[in-house]
Amino acid sequence: MTSSRKIVHPLLAVATMFTVPLLLGCLLAPWIYQWVPGLAGERFERVASRTVQVLALLLVWPCMRWSGASTEISRGLAWSRERWSRFRSGFVLAAASIALYYGSGFALGAYTPEFEHYTRLLPLVLLGFLSTAFFVGWLEEIFFRIFLQGSLRTRWPVWAAALLTSVVFSALHFFRPRMNPPITDPDWSSGFALLPHLFAIFNPERDWYFAGTLFLMSLALALYYEREGHLYHVAGLHMGWVLMLQTGDYVLDRVPGRFDALFGQGDLISRAPIAIPVIALFVFYAARLLPSERHRSNKDGL
């Protein structure tokens with residue numbers, strides 16, 4: 001997939017998207033914290049984080065239009081039977097891979113049923129997980145594949161764009177500023193004081209496997225998108241992973257001390273060492289299917 005966007009500064013839209021909400025949020029957060037009723041008891045870091053997120057949501061569509069992504073969105077979402085089939089295959093494959101993780105852990109005694117969650121409300125909970133996975137799968141892929149990766153591809157080669165997009169994808173899952181002790185009486189500069197602590201929740205001893213799994217998932221999705229040029233297969237993969245991770249985390253409970261070297265110490269298997277090699281297989285397969293740059297150039301020149 002090569003971007004056909006014809007704009008002068010596509011990377012400027014990306015830079016704006018990732019800097020303006022952050023800086024403006026740091027500036028506004030102290031005033032919002034002091035002026036909005038009911039926020040005095042909240043952690044200032046949380047108010048600042050929410051402020052940045054709201055500003056990012058307000059800015060995302062203008063930046064996407066500015067980058068030329070609106071045309072690519074129409075192309076990437078255009079429906080066809082073949083694309084719908086690719087969505088289904090991606091969803092089934094991703095869901096099966098996570099189910100295999102949890103199934104092997106259950107068979108080895110690393111997980112046990114979390115019976116307190118097995119109630120009449122379980123179908124509604126699972127339906128909620130399905131809805132969440134649907135929206136996360138499509139919306140995140142529009143943002144990361146079409147906007148971020150697509151903009152980078154107007155200037156950078158495939159692997160550079162895919163790698164940087166995947167680093168950003170992984171890092172943003174840890175975007176939650178924390179300070180110790182917390183800020184209790186913010187002034188106009190308190191938001192900017194949070195900048196060195198934007199990813200403070202990242203714990204190297206606990207989170208490297210999770211960060212690596214997120215990175216590899218995004219890299220696989222990036223390479224599949226480069227190969228196919230539409231969102232259906234990658235959205236299906238993303239949706240299947242999210243659905244089964246949420247489901248496994250909810251219905252199974254980790255047995256402490258059982259195969260910790262494989263399954264980690266938490267319920268969420270994407271934080272476990274075993275997730276890395278299996279998701280790496282998706283990257284390997286997607287990379288093998290990717291056309292070479294020479295073939296891509298010849299094809300584009302026809």
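Which residues does Trp-241 touch, not counting residues up to four places away in sequence? In this predicted model, Trp-241 touches Ala-94, Ser-97, Ile-98, Met-217, Leu-221, Ile-279 and Phe-282, where contact means heavy atoms within 4.5 Å. Local features need pLDDT of at least 70 and side-chain atom pairs count only at pLDDT 80 or more, whereas totals for chains, interfaces and linings use all residues of the predicted model. Residues are numbered from 1 along each chain as its sequence is written, and side-chain values use heavy atoms, with hydrogens and water left out.

Trp-241 is listed with Ile-98, Phe-147, Leu-223 and Ile-269 as having the most contacts inside the largest nonpolar core, a set of 68 residues. A nonpolar core joins buried Ala, Val, Leu, Ile, Met, Phe, Trp, Tyr and Cys residues through side-chain atoms within 4.5 Å; buried means under 20% relative accessible area, exposed over 50%, and partly exposed in between (1.4 Å probe, protein chains only). Helix H8 (residues 204-228) gives the most to this core, with twelve residues. A second, separate core has eight residues, among them Tyr-33, Phe-44, Val-47 and Ala-48. Of the 302 residues of the protein, 44% are buried.

Twelve helices and two strands are present, assigned as DSSP runs numbered from the N terminus (helices H or I, at least four residues; strands E, at least two). Val-20 lies in helix H1 (residues 10-35) and is partly exposed, with a relative accessible area of 37%.

Residues 24 or more positions apart make up 79% of the contacts with a separation of 6 or more. The C-alpha atoms fill a box of roughly 65 × 55 × 35 Å along the principal axes.
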